[in-house]
Each structure stands twice: as C-alpha cells, then as structure tokens.
Amino acid sequence: MTQVPDPEAPEGVDLERPNAARIYDWFLGGTANWAIDREFGERAVQTFPMIKTIARAGREFLGRGVRYMAEQGIDQFLDIGSGVPTVGNVHEIATSVNPDARCVYVDNEPVAVAHSQILLEREGVADRHAVLQGDLRNPADVWPRALDTGVLDPKRPIGLIMVGVLYFVPRDEPALEIVRKYLSLLPSGSYFLSSHLTDDGVRTSGDARREAIHKQYQKSSTPFHYRSRAEFAEFFGGLELVEPGIAWVADWHTEAGESSAADRMADDPSISGGICALGRKP
Ligand SMILES: C[S@@+](CC[C@H](N)C(=O)[O-])C[C@H]1O[C@@H](n2cnc3c(N)ncnc32)[C@H](O)[C@@H]1O
C-alpha cells in the first residue's frame with residue numbers, strides 16, 4: 001500500500017510499512033504513530049488481546065530497572081533502542097531519584113528520535129540529556145557519538161540499557177558480539193539492563209494466536225526474533241546478575257498491587273514471552 005507523503009513525518013520515516021517503535025507507542029496509548037501503525041496494532045490486539053498489557057509490562061520493567069540502578073548510585077545512562085518518549089522515560093525516572101542524572105537516548109527510528117528531541121528541548125537540560133539517531137548494531141558509530149554529546153563520562157559507571165530492542169537484531173547477525181563490544185567499553189561498576197522476547201519456557205508457546213502475531217510482525221519493517229533463555233543469559237556473561245537473575249518481566253522486582261500489567265500476569269508471567277535481567281560489571 002502506498003501512502004500519500006505526510007508533511008508532519010520527519011525525514012526518512014517509512015510510512016509504507018508499520019514500524020515497531022510506532023506500533024509500540026500505539027500499544028502504550030501514545031500519539032506518535034500513523035494510520036498504518038494503528039491498523040497493524042488493532043489487528044495485533046484482535047489476534048492477541050494481551051499484547052497491550054505485555055507492552056506495558058515491558059515498559060514498567062524498564063522503569064523498575066532504571067530506578068534500581070539510580071538507587072545504586074548510577075547517575076548516567078545510555079538507553080539504546082529508547083523508543084518514542086512516553087510514560088516513564090529513563091531520564092525522568094533517573095532524575096526522580098537523582099536530580100543530576102544524565103541520559104543519552106539512541107534509536108534508529110526517525111519518529112522516535114524527533115519526538116525525543118522535542119521532549120528534551122521542552123524539559124531537558126542540554127548538558128545532561130541528548131538523543132541521537134543510530135543503529136545499535138554499530139557500536140563503533142554509536143559509542144563515540146554518544147560520548148561526543150558530552151553528556152556521559154566514560155570513566156564513571158554507566159547504566160547501559162537495551163530493553164525491548166535486541167530481538168530486532170536478526171538471528172544471523174552477531175548480537176552477542178555487539179553486546180560484548182558495548183560491555184567492553186563500559187567502566188567497572190557499570191550496569192547492563194535488558195529484556196528479550198522468547199518462546200522458551202512460555203507455557204502457551206505454540207499457541208496459534210502467539211504464532212500469528214509473530215507472523216504479522218515478520219511483514220512489518222521491523223520483524224522480531226526470539227532467543228532462548230540460554231542465548232539471552234550469554235549477553236550477561238562476565239557480569240554479576242542482580243537477584244532474581246533472569247526472570248520474566250512481570251516477575252522482576254515487582255510487588256503485588258504496584259503494577260496492573262504485572263498483576264494481570266500473576267497466574268502465568270510467562271505469557272509475556274519477555275525475559276529480562278540486570279547485570280553489574282565487576
Ligand atoms: C519495543 S520499542 C522499546 C522502547 C523502549 N526501550 C522500552 O522498552 O519502552 C523498540 C525500539 O527499538 C528501536 N530499534 C529497533 N532496532 C534498532 C536498532 N538496530 N538500533 C537502534 N534502535 C532500534 C525501535 O525503533 C524502537 O523504538
């Protein structure tokens with residue numbers, strides 16, 4: 001389907017196919033999405049009604065992870081695959097714990113970057129917040145540009161965040177090598193927060209609705225790819241895992257009544273298909 005060019009769309013935006021950043025924004029109730037993304041989202045909800053709750057649970061995990069790191073004294077964050085700004089942005093959560101916290105956002109989707117820029121111009125502080133368009137798969141480009149912003153001090157611990165993004169790296173690309181490259185650049189005492197979609201250990205794995213949603217995404221501009229629990233654990237090789245180690249997103253540092261999304265999955269947290277962990281570099 002060819003769409004009429006939209007004068008509101010930032011340059012480089014693909015409006016021919018739905019895109020994960022904008023679909024995710026729609027799932028979370030945002031407005032940085034186009035008709036093609038909303039149509040995809042509505043079809044996805046029909047296919048798999050839990051999907052909005054799952055998106056919310058993933059976002060809430062991000063918030064709890066950032067708060068945890070900030071409470072451990074981490075005051076600078078590099079959030080790669082940061083998405084469209086929505087409820088509970090990393091810099092807002094970090095700042096609520098430490099008003100001096102710093103954050104660099106990176107995303108490869110022009111809409112996500114443009115909206116982050118607008119948000120930071122409105123409420124950010126130039127020397128403490130920045131956003132850049134970059135591809136996670138290219139640390140040799142992303143890392144120096146993130147440092148060039150002047151926001152991060154590479155000699156002090158950094159909270160590196162890749163939440164809900166590594167599953168966009170195709171299985172035939174060296175995701176592990178990419179993550180290890182970033183980790184090798186971080187100073188001791190840094191943290192790595194991540195989550196990933198899996199079909200490993202999911203009680204309803206093989207469920208027709210789950211398979212259908214996976215197939216729908218393969219037709220978008222941003223197909224996702226499962227990795228096993230063991231493959232996800234490899235990303236944390238050499239790091240000290242924070243308790244409870246590798247967990248379902250709805251199970252990581254959640255308390256009953258605190259999160260409606262996690263509460264809705266209390267009977268079967270595996271329904272999210274989202275595993276997560278936080279590791280510390282010794
Ligand atoms: C599902 S959203 C997650 C957003 C946010 N991290 C969160 O957890 O709420 C995934 C984001 O990763 C971005 N993304 C996908 N592949 C990427 C890549 N290779 N490099 C940078 N960002 C990427 C997408 O554009 C999208 O904004």
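The side chain of Arg-22 makes a polar contact with the side chain of Glu-109 at 3.3 Å. A polar contact is a pair of N or O atoms within 3.5 Å; within protein, one must be able to donate a hydrogen and the other to accept it, and residues adjacent in sequence count only if both atoms are side-chain atoms. The Arg-22 side chain also reaches the backbone oxygen of Arg-17, at 3.4 Å.

This is a predicted model, where local features need pLDDT of at least 70, side-chain atom pairs count only at pLDDT 80 or more, and totals for chains, interfaces and linings use all residues. Residues are numbered from 1 along each chain as its sequence is written, and side-chain values use heavy atoms, with hydrogens and water left out.

Arg-22 sits in helix α1, residues 20–27. Helices (H or I, at least four residues) and strands (E, at least two) are DSSP runs, numbered from the N terminus. Arg-22 counts as buried because its relative accessibility is 0%. The cut-offs are under 20% relative accessible area for buried, over 50% for exposed and partly exposed in between (1.4 Å probe, protein chains only). Beyond four places in sequence, Arg-22 is in contact with residues including Val-13, Trp-34, Ile-36 and Val-111. Contact means heavy atoms within 4.5 Å.

| α6 | Pro-139, Val-142, Trp-143, Ala-146 | 95° |

The arc is that of the directions from the helix axis to the C-beta atoms. The buried residues of α6 fall within 95°, so they line one face of that helix. Its opposite face, turned away from the buried side, carries exposed Ala-140 and Asp-148. Cover for the buried residues of α6 includes β1, β2 (102–107), β3 (129–133) and α7. After α6 comes Gly-150, with a positive phi near 80°.

Leu-278 belongs to strand β8, residues 274–280. Leu-278 is buried, with a relative accessible area of 0%. Glu-60 lies 218 residues from Leu-278 in sequence and 14 Å from it in space, C-alpha to C-alpha.
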